[in-house]
Amino acid sequence: MLDQSAIEALRDAPVSPGQHLIDGAQRPASDDGVMEVISPLNGTVLTTIPRGTKADAEAACAAARRSFDAGVWAGLAPGARKAVMLKWAALIEENALELAVLGVRDNGTEIGMALKAEPMSAAGTIRYYAEALDKIYGEIAPTAPDVLALVHKEPAGVVGAIVPWNFPLMIGAWKLGPALAAGCSVVLKPAETASLSLLKMCALGVEAGLPAGVLNVVTGEGAVVGQAIAESMDVDVLVFTGSGPVGRRLLQASAASNMKRVYLELGGKSPNVVFADAPDLAEAAKVSAAGIFRNSGQVCVAGSRLLVERGVHDEFVDLLAQATAKMKVGDPLDPATNAGAVNSERQLMQNLRFVEEARELGREIRLGGQRILEETGGYFMAPTIVTGVEPGDRLAQQEVFGPVLAVIPFDTEAEALEIANGTEFGLASAVWTGSLSRAHRMVRGLRAGVVHVNTYGGADNTVPLGGVKQSGNGHDKSLHAFEKYLDLKTAWIKL
Ligand code: NAD
């Protein structure tokens, strides 16, 4: 249960300017440049963060390289690394509310979701990988008897991690947890509009005992700081969560520098497919509404395309509109809120342009479609349902990353599958049906990293998250995440 008075005490608390974390010390930008942090709750300046320079990014990469090569972390006994990471997880939990409120004031996510999905989830992830790190074994290969071939698993080196603004702590921990558990050193680049809570969480890592240079954080513009990390000759592995166009640039930067391995978790246009034989249409509507509108649709796996079998289309859209109308949109620091603010004015304007374009094409704006609560100075948007969308519309093909749902009718299972697979993305999906056979056929047929059946959005540290097609490669979460941060080395010994 959220303590409203504790939240209120933090709502307007002054926020110190952020600082980079480089080589164990907090630092301003090398040229003292700063960026204003605008709160999406009211459009006012919350504080500043360093506008990192290329030199800052290079200093962080060099510090990570030195710490890795010196073995100050990778060279510790697994039990010692585990103890530091467990302490870090405990510190995150101790500071959970403060971290969550700071993050909400920075990025606009509703506090109920933020507390669970941000510090608590991040602590859980750090702990999960801390617990796993001393359970990783090498192999002895089944070679001929005159040879002993050992397969070692070694930390991959320096990891550059670039993360987005929608869930900075959770996604940050998806990278930091397995990378640090594997023994790597890291340079982390938070998003411009969600750096504060991540800076604080990483400072807690240093407090827990991460040696200097093992975890570095550089804030600033993606095109400067992110690009410099991507081009760094000191970085061995680059992990990224964000948009497709930036992902493409990172691949180019890798090719143009040291061919570092690049793992991308990108966007989605995830199809949520409702068949007429779904066991409970009202429940499906309620879960589907939450599946697109929580965090104002700023969720990579949001079910942003709703495909409904024509026979139940009108009934289902009615149920969906009713369920959506019950959602409370507004003050993200009110625990009763179901959808908080849009992250930035730029993002809000982009969302509204998608709706305007659909309107011009003659699609029906069944619910919402407009900015709301403008008097607060914040960036809020009504949950928006657009019906009669054609599969080829921009709204059906491109990621909005906002509270806008495209509804598309279909007649047959084959048609549903064709529309569902008919985008460049392949991140999440869902199917609602009472038929076990159909559910399995759809699970096989949908080209996506995850298929939910008769639910939406379930997830856990124990299962991998990743996309296919242009939603990315590689996986966060689960033991599979280690594959990105561990190299295999063979020792071939003649007996
Ligand atoms: P973005 O791509 O604009 O930015 C992500 C990060 O990349 C930020 O830290 C940014 O500063 C940095 N960046 C920007 N330009 C760069 C450049 N030229 N070189 C290096 N770094 C650069 O994405 P966003 O708007 O922050 O986040 C939204 C996107 O993230 C959406 O597409 C969403 O689907 C995706 N996302 C995916 C997942 C997933 O797990 N697949 C999870 C959350 C968000």
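Contact, in these legends, means heavy atoms within 4.5 Å. The model is predicted, so local features need pLDDT of at least 70 and side-chain atom pairs count only at pLDDT 80 or more, while totals for chains, interfaces and linings use all residues. Residues are numbered from 1 along each chain as its sequence is written, and side-chain values use heavy atoms, with hydrogens and water left out.

View 1. Ser471 sits in the loop between strand S20 (452-453) and helix H16 (482-485). Helices (H or I, at least four residues) and strands (E, at least two) are DSSP runs, numbered from the N terminus. Ser471 is buried, with a relative accessible area of 0%. Buried means under 20% relative accessible area, exposed over 50%, and partly exposed in between (1.4 Å probe, protein chains only). Neighbours within four places in sequence set aside, Ser471 is in contact with Leu264, Glu265, Leu266, Gly267, Gly268, Glu424, Phe425, Gly426 and Leu427. Ser39 lies 432 residues from Ser471 along the chain, and their C-alpha atoms are separated by 29 Å.

**View 2. The seven-strand sheet.** Seven strands form an open sheet with mixed pairing, in the order S14-S17-S18-S13-S12-S19-S20. S14 and S20 stand at the edges with a single partner strand each, so one side of each lacks a neighbour in the sheet. Helix H11 (residues 310-325) packs on this sheet and touches S12, S13, S14, S17 and S18. The direction of H11 makes about 135 degrees with that of S13. Two strands pair if DSSP finds at least two bridges between them. Strand S17 (residues 384-387) and strand S18 (residues 404-410) pair in the parallel sense over three bridges. Val386 stands opposite Ala406 in S18.

**View 3. Strand S13 in the sheet.** Strand S12 (residues 271-274) runs parallel to S13, joined by four bridges. Val274 stands opposite Val308 in S13. In a regular strand the side chains alternate between the two faces of the sheet. Arg305, Leu307 and Glu309 point one way from S13; Leu306 and Val308 point the other way. All are buried. Five of the five residues of S13 are buried, so the strand is largely enclosed by the rest of the structure.

**View 4. Helix H10 against helix H11.** The two helices pack at an angle of about 55 degrees, with their axes 8 Å apart. H10 is therefore oblique to H11. Axes are lines fitted to C-alpha atoms, for helices over the stretch in contact, and angles run from 0 to 180 degrees between N-to-C directions. Angles under 35 degrees count as roughly parallel, over 145 as roughly antiparallel, 65 to 115 as roughly perpendicular and the rest as oblique. H10 passes H11 in a right-handed crossing. A crossing is right-handed if the near helix is turned clockwise from the far one by less than a right angle, and left-handed if anticlockwise. H10 contributes Leu281, Ala282, Ala284, Ala285, Lys286, Ser288, Ala289 and Phe293 to the contact. H11 contributes Val312, Glu315, Phe316, Leu319, Leu320, Ala323 and Thr324. By class, the contact of H10 with H11 has eleven nonpolar, two polar and two charged residues. Ala, Val, Leu, Ile, Met, Phe, Trp, Tyr, Cys and Pro count as nonpolar, Asp, Glu, Lys and Arg as charged, and the others, Gly among them, as polar.

**View 5. Helix H3 against helix H6.** The axes of helix H3 (residues 78-94) and helix H6 (residues 168-182) come within 10 Å and cross at roughly 160 degrees. H3 is therefore roughly antiparallel to H6. Their crossing is right-handed. Arg81, Met85 and Trp88 in H3 meet Leu176, Gly177, Leu180, Ala181 and Ala182 in H6. The contact of H3 with H6 has six nonpolar, one polar and one charged residues.

**View 6. The three-strand sheet.** This open sheet has the order S5-S6-S21, with antiparallel pairing. Strand S5 (139-140) and strand S21 (486-494) are the edges, each with a single partner strand, so one side of each has no neighbour in the sheet. Two bridges pair S5 with strand S6 (residues 147-155) in the antiparallel sense. Glu139 has Val151 in S6 as its bridge partner.

**View 7. Two loop residues with positive phi.** Most residues other than glycine have a negative phi. Asp32 has a positive phi of about 65 degrees. Asp32 lies in the loop between strand S2 (25-27) and strand S3 (34-38), and is exposed at 56% relative accessible area. Asn295 has a positive phi of about 50 degrees. Asn295 is found in the loop between helix H10 (281-293) and strand S13 (305-309), and is buried at 1%.
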